[in-house]
Amino acid sequence: MEQAETRPAHIESNTSIHEPRAATTHVTLATRAPGLLQDLTAKRPGLAIDAYPLGRMLLLRCFGDADGIESDAAIQDSGRGVLYQARAGDEVTLLLEGGRMEEETIASLADQNAFVVPPIRWQRGEALITLILEDGTDPRTILDQFPNARLVSKRQPGGRLGDRGALSSPLFLPKLTEKQARALLAAFDAGYYEFPRNATTEDVSLSLGIARSTFEQHLNRAEHHVIQAMLPLVRMRGGKPHDEALEIYSKFSRELGLYVQLEILGDRVAGVRLARSAPPRSAGSDHPYLARILEHVRTGDGDLTDIPLHLEVGPFEQEVLEFLRTIPAGETITYGEIARRLGRPKASRAVGTACARNPMVIVIPCHRVVPKSGGLGNYSSEGGVETKRRLLAREGADLVREPAASRPDANQRSSGRRPRPRSRSL
């Protein structure tokens with residue numbers, strides 16, 4: 001890859017990088033800093049590395065002359081352990097421990113209203129660093145922290161730095177769409193993720209001018225992508241043993257027309273998902289829990305409540321998901337009724353959100369929750385409402401009657417219709 005034409009950084013008093021009329025200034029510098037990445041790229045001219053600082057870890061995407069880089073002496077002697085490695089074509093991905101220096105540098109720059117835009121590109125022993133300087137930041141002070149730096153480019157974009165969340169690395173999120181990203185950033189900026197929350201999904205959807213249901217769909221999928229991407233790091237931070245690996249089992253269900261994917265962590269189920277294709281890597285198709293799940297899908301029979309789960313959700317979501325496991329097969333209940341029984345009568349939307357984020361479909365039967373207005377409502381797993389319909393039909397649920405929780409008690413019914421033998425009132 002050819003390097004951009006550069007010139008020495010020189011800031012004159014009448015043409016500084018910072019111009020008061022611009023809200024922010026984007027500055028890209030070329031600099032050298034002794035250390036692992038300079039050593040690697042200096043001795044391999046054909047190697048380019050994109051570095052993404054992740055707290056006290058460092059993620060590297062290595063392109064070009066990357067063969068055997070994970071065992072390079074420079075890495076072995078650096079004291080940074082290799083926590084994860086993968087290869088896709090000519091690209092090697094490494095996750096290294098010990099990113100304290102990068103973390104402290106980035107924090108120091110942020111204190112001066114200068115923000116690093118990942119990735120930091122290393123090539124031929126030199127780093128290209130892009131910074132966004134907020135209005136009022138003295139560029140001379142920032143440049144003093146990069147001895148012998150060369151200015152590659154500078155520009156003043158028209159917008160303000162209010163969309164700073166857009167600087168997030170896209171590395172782990174290849175399936176995140178633009179609409180999902182916008183929904184996630186809008187929720188964050190509105191205070192949806194503050195504690196306590198400063199906004200509801202309805203508030204955020206109104207600010208975007210879209211329907212709440214559409215916004216929640218984009219937001220839920222964005223959160224799914226982000227959480228899936230970050231789980232390996234979260235598990236590492238959580239102190240889980242390194243030998244406790246996630247195993248994936250998968251088998252096709254003819255009844256659903258989908259693959260059922262079972263994720264096992266230790267001796268517990270960490271996830272159950274539906275997919276249109278088999279996962280690229282799996283431990284096989286034979287696991288006792290997977291066999292029980294498929295048998296339940298096929299016949300509608302079988303109690304799955306004794307399958308041990310490994311849940312990584314918030315307290316309220318856990319309360320909702322645990323309640324879902326008490327709903328008998330063949331019965332349905334409304335979101336509002338669940339909220340009422342949990343002592344949160346106004347939290348029906350939060351119940352719906354917890355159902356939409358259910359990480360273990362079928363085993364945690366969110367398909368048995370329906371709207372008060374009638375019908376089946378939505379289903380966030382693969383196949384949508386048709387999958388929900390098939391699951392309920394297999395369990396013998398009456399798909400045209402009112403939800404069980406909203407019907408009068410059996411001894412108060414005036415109709416003489418006989419209830420199904422295995423249906424129980426909730």
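**Entry 1: strand β2**

Which strand do 5 bridges join to β2, and do the two run parallel or antiparallel? I looked it up: the partner is strand β9 (residues 150-155), and the two run antiparallel. Before going on, I noted that this is a predicted model, where local features need pLDDT of at least 70, side-chain atom pairs count only at pLDDT 80 or more, and totals for chains, interfaces and linings use all residues. Residues are numbered from 1 along each chain as its sequence is written, and side-chain values use heavy atoms, with hydrogens and water left out.

My strands (E, at least two residues) and helices (H or I, at least four) are DSSP runs, numbered from the N terminus. Two strands pair if DSSP finds at least two bridges between them. In β9, Ala30 has Arg150 as its bridge partner. I also found 8 bridges from β2 to strand β8 (residues 126-134), again antiparallel, with Thr24 standing opposite Glu134.

Next I checked burial (buried is under 20% relative accessible area, exposed over 50%, partly exposed in between; 1.4 Å probe, protein chains only). In β2 (residues 24-31), 8 of the 8 residues are buried, so the strand is largely enclosed by the rest of the structure. Thr24, His26, Thr28 and Ala30 point one way, while Thr25, Val27, Leu29 and Thr31 point the other.

**Entry 2: helix α8**

I moved on to α8 (residues 288-299). It has 12 residues and reaches 17 Å from its first C-alpha to its last, close to the 16 Å expected (1.5 Å times one less than the number of residues). I listed its buried residues as Tyr289, Leu290, Ile293, Leu294, His296 and Val297. What covers them includes β10, β11, β12 and α12. After the helix comes Gly300, with a positive phi near 80 degrees.

**Entry 3: the cores**

A nonpolar core is a set of buried Ala, Val, Leu, Ile, Met, Phe, Trp, Tyr and Cys residues joined through side-chain atoms within 4.5 Å. The largest one has 41 residues, and Leu262, Val269, Val272, Leu324 and Ile362 touch the most other members. Elements giving two or more residues to this core include β11, β12 and α8. Apart from it I found another core, of 32 residues, with Ile49 and Leu94 among them. I picked Val269 and looked for contacts (heavy atoms within 4.5 Å); leaving aside neighbours within four places in sequence, they include Leu262, Tyr289 and Met360.

**Entry 4: salt bridges**

A salt bridge here is a side-chain nitrogen of Lys or Arg within 4 Å of a carboxyl oxygen of Asp or Glu. The count comes to 21. Glu263 and Arg273 make one, with the closest N and O atoms 2.9 Å apart. Glu263 lies in β11 and Arg273 in β12, so the pair ties together parts 10 residues apart in sequence. Glu263 is buried at 8%, and Arg273 is buried at 17%.

Arg292 and Asp306 meet at 2.6 Å, N to O. Arg292 is partly exposed at 29%, whereas Asp306 is exposed at 52%. I also noted a network of salt bridges linking Lys43, Arg44, Asp65 and Asp72.
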